[in-house]
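Have the sequence and the structure open as you read.

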Amino acid sequence: MDLLQLRYFQAVARYEHISRAAEELRVAQPSLSRTLARLEAELGSPLFDRQGRRIRLNQYGAMFLRHVDRALRELDDGRRALRDARDTGLGRVGVASETLLTITHLLGSFRAAHPRADARLFQSTAEEMSRQLRSGEVDFCVASQPLTGASLASIELASEEVLLAVPPGHRLDGRESVTIPELADEPFVSTRQGHWQRALLDRLFAAEGLTPLVSCEGDEPGASQDMISAGLGIGLIPAISRRAGTETRVPVAWVHVDASECHRVLTLVWNRDAYLSEAAVKFREFTISRPFMAHRLPAPHHERAHDPALRTAATAEPADADVSGQGGHSCRAASATAGGVPGAAR
């Protein structure tokens, strides 16, 4: 039994599909099938039930997978620990969120306070975030939907109202509040299934025995307000956008929704069994050290230069990283969805 066999088995068990696993692993399907057959022969037990071209993880495979996941996670954590020990910085922290603008201020202020930390940002759906936490691809998720898993721990960061945004001049422009039944015939701009805005929209309508009319859906939540402003429909937008004054750039009118469930709860989620680098530990401490909405982007450099208090805050941690950029502290935004566009997302 070798690591290659275990990683192949893990991938096939996750997808329960040979061709998808082969595509992810970038190996030929016959080679993958032969490797699985050798592993089953060595273990003396089939790990999958096969019906034609379909395979399903059986009870023995599920039992073995729990141990494989734990063993590979320990090895991956060991590799990360060695890498962090060699680094001159604080190591790496990976953070995933459904919507990027939600955590822009948090990541910006964290980077200002800890410039030696290598922060990586991913845009992911709730389903993808659960997988990323289990695999160790990310350390934390800032989630707008519940993430489930026996090893997952979480802490609530914020709860905020979600507002209805309508185009200027719409029949609801100027209304203080509106009920869900009043919106039954209105076309909605929303995200695809799996994103929190769509889940909330469907839940609010289902509570009234209704189904929303979705006229426009996509993978980029940040485009919703632009499409609403252009008159393509109405939509649910978190109150953080109103507080940020986004309607001055993308004109919309705000209306309260008369439904107690029209809000979102942001939670910080992590895998309690996973290794955390020093950067990851500091990120968690930094995130919960103040109210989530109180995190602000650092002031421009020229303002810090003239403000002693800002200069002190900006140098809270010695900035001994290579200023040429070769010493490696970075913040990259990566999309984990095929159609996702890293950037302006709410």
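A salt bridge is a side-chain nitrogen of Lys or Arg within 4 Å of a carboxyl oxygen of Asp or Glu. The model is predicted, so local features need pLDDT of at least 70 and side-chain atom pairs count only at pLDDT 80 or more, while totals for chains, interfaces and linings use all residues. Residues are numbered from 1 along each chain as its sequence is written, and side-chain values use heavy atoms, leaving out hydrogens and water.

**Salt bridges**

The structure holds 12 salt bridges. Here are some of them:

| Pair | Closest N to O | Sequence separation |
|---|---|---|
| D118 and R92 | 3.4 Å | 26 residues |
| R198 and E217 | 2.6 Å | 19 residues |

Helices (H or I, at least four residues) and strands (E, at least two) are DSSP runs, numbered from the N terminus. R198 lies in helix α7 (residues 196–206) and E217 in strand β9 (residues 213–218), so their bridge ties these two parts together.

R198 is buried, with a relative accessible area of 10%, and E217 is partly exposed at 39%. Salt bridges with shared partners join R192, R198, D202 and E217 into one network. D118 is also buried, at 10%, whereas R92 is partly exposed at 32%. R264 and E160 are both buried.

Now turn to E98, in the loop between β3 (92–97) and α5 (104–113).

E98 does have a polar contact of 3.2 Å with the side chain of Q145. Such a contact is a pair of N or O atoms within 3.5 Å; within protein, one must be able to donate a hydrogen and the other to accept it, and residues adjacent in sequence count only if both atoms are side-chain atoms. A polar atom of the E98 side chain also lies 2.9 Å from the backbone nitrogen of W196.

Key: Buried means under 20% relative accessible area, exposed over 50%, partly exposed in between (1.4 Å probe, protein chains only).
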